[in-house]
Amino acid sequence: MPTGSGKSLCYQVAACAMQGFTLVVSPLIALMEDQVRSIAGLGFKVAALNSLMDSRQQMALLRGLEPDEPLILFVAPERLRDGLFQAALESKSMRPDMVVVDEAHCISEWGHDFRADYLFIPDFLDRCGWPRVMALTATAGDQVRAEICQLLRIARVYGDFPVHRPNLILSVRSVRGKEDKQQELLSFVRTARMPGIVYTSSRGAAEDLDAFLRAAGINAAYYHGEMKADDRVRASDAFMSGQTDVLCATKAFGMGIDKPDIRFVIHYQITESIEQYWQEAGRGGRDGQDCQCVQLYDPPDIKIQKGFITRSYPKPLAVKKAYQDELSLGPLPWGGDARDIPMQRFYDDNAAILLKRFEDVGLIARVGEVMTAVSVDLVDHRAARGPYARLAAAINSASSTANGLSRLPDIAFKLGVSDAEALAMLYRAAVEGAIDLGSRADRIIRYRTVKPDIADADLEAIEEKMAGRRAYKTQRLDELVAYLENTMQCRARLIGEYLGKEMSDCGRCDVCSRQ
Ligand SMILES: [Zn+2]
């Protein structure tokens, strides 16, 4: 179902019927707040835990939950592997009766929105004994759907494909080279009705175009996934409230965004598939008024997408190199049996895909997320004399990292327990209010090495999987190129057919209006 078509009604109805604890996993912080406001009148307790709250606010919210009260709780996907969140739920014996996974296509590598955070959702569901699961998505490709169903154990699929809206006016403009493209963009934007989005395929391009447009006197801003969270929220808010006319953005912008009055969506570079193009173009004209959906097409741009495919699904030599050099996984040193991968590294989606492949063929096994240092404050000073005396003493004597965090192994050593047990004790103390765990922490994802080194047979098994995905992505790209180079058939009709909908000519796209 497309965004804005009442996806949230699905779980509201189910939650009302169930009267239990519904956990909604959503990557959309801005949308969470809207949802909380709109559901607030239903006689449920509704709350959202998000990264904009500081750790004290988050803890206060968790402490205030009542186990038997009907509850809808919104959380970002990364929260599910947060030990403090798990400890807080466990301390109250709270288990979700239903878990709703919004934007569920993010769990699939087949789609264009894969997010490493989503890979941990099945682990979380394992730990809660697989409650009911509802997955929601606006993207409905066959492979993506199959993968969602498999990973989240979904038995039944409901829904419909998005259809073309006649107020979206599709066109493709051929350009040659950077200067030609920039001029085409500028002359379009100068006469266009505002506001609009310019989509690029990289962070750098979004920033460059923003600078270019502002230099030409256009009220522009940029948005991409590598900005700091609060900068991102500010950029998004300014665009949503009408302070910014043109937002130069990567695909990171728009998921769940429901700004009704977008008058143009320009694609400055090409997307990876018709499906992605359609989803992004479809963010325009939600109010039913016209929206110009313009693709600027310079054939060398195809190489950018081909490069993404090669990097996401590397050939055996590159896989081996990544295993040895980038991820430092092999060969196993004498006597060693654990590898630590910094969290940061894992947040490169390509690295996440590779690690998953290594797990698939049994080279490594994921132990879990491990904290190496935490920011911790004693809140209750009586704790230092009471049941937390030993813990408090251990915290006080632990050495600090350069950024002022307390080293967890030191705390564990003083307590005479393992790092994991020390962390569990900290979580318990935080849940009970004796200490405050700040939101800063150094984290790693720990892998146990199962085999000493990668063998040719492993590389072949990985290549078999990689080849399938590479071929699939290449085919999607070829289909998009065919759409871009098409001059004979109505564009809306072509997209409709691609998505499995019979349609008549739209009469408004560039192909229709030439005829
Ligand atoms: Zn047409």
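This report walks through the domains, cores and sheets of a predicted model.

## Domains and how two of them meet

Let's start with the overall layout.

## A closer look at H4

So what does H4 bury? Leu84, Ala87, Ala88 and Leu89 are buried in this helix. The buried residues of H4 pack against H3, H17 and strand E15 (435-449). After H4 comes serine 93, which has a positive phi, near 50°.

A bit of helix geometry is handy here: an α-helix has 3.6 residues a turn, so residues three or four places apart point the same way.

Which residues have the most contacts inside the largest nonpolar core? They are Val24, Val25, Val101, Val374, Leu408, Leu426 and Ala430, in a core of 80 residues. Helix H17 (residues 419-431) supplies the largest share of this core, 7 residues. Where does the core sit relative to domain 1 and domain 3? Both domain 1 (8-152) and domain 3 (316-449) give residues to this core, so it lies between them.

Leaving aside residues up to four places away in sequence, valine 374 touches Leu405, Ser406, Leu408, Leu426, Leu437 and Ala441. There's also a second, separate core, with 47 residues, and its members include Ala206, Ala221, Ala281 and Leu480.

Now for an open sheet: 6 strands, ordered E6-E11-E10-E7-E9-E8, with parallel pairing. Strand E6 (168-174) and strand E8 (220-223) are the edges, each pairing on one side only. From one strand to the next, the twist averages 20°.

At the E6 end, E6 and strand E11 (residues 291-297) pair in the parallel sense over 7 bridges. Leucine 168 sits opposite cysteine 291 in E11. Helix H7 (residues 177-191) lies across E6, strand E7 (196-199), strand E9 (246-249), strand E10 (264-267) and E11, and runs at about 170° to E11. Helix H9 (residues 229-240) also packs on the sheet, where it touches E8 and E9. The direction of H9 makes about 135° with that of E8.

Strand E1 (residues 21-25) and strand E4 (residues 98-101) run parallel, joined by 4 bridges. In this pairing, threonine 22 stands opposite methionine 98 in E4.

E4 is likewise joined to strand E5 (residues 132-135) by 4 bridges, and these two strands run parallel. Here valine 100 is placed opposite methionine 134 in E5.

Conventions. Residues are numbered from 1 along each chain as its sequence is written. This is a predicted model: local features need pLDDT of at least 70, side-chain atom pairs count only at pLDDT 80 or more; totals for chains, interfaces and linings use all residues. A nonpolar core is a set of buried Ala, Val, Leu, Ile, Met, Phe, Trp, Tyr and Cys residues joined through C-beta atoms within 7 Å. A residue is buried if 20 or more other C-beta atoms lie within 10 Å of its own, exposed if 12 or fewer, and partly exposed in between; C-beta atoms are placed from the backbone. Domain bounds come from an automatic or database domain assignment. Two residues are in contact if their C-beta atoms, placed from the backbone, lie within 7 Å. Two strands pair if DSSP finds at least two bridges between them. Axes are lines fitted to C-alpha atoms, for helices over the stretch in contact, and angles run from 0 to 180 degrees between N-to-C directions.
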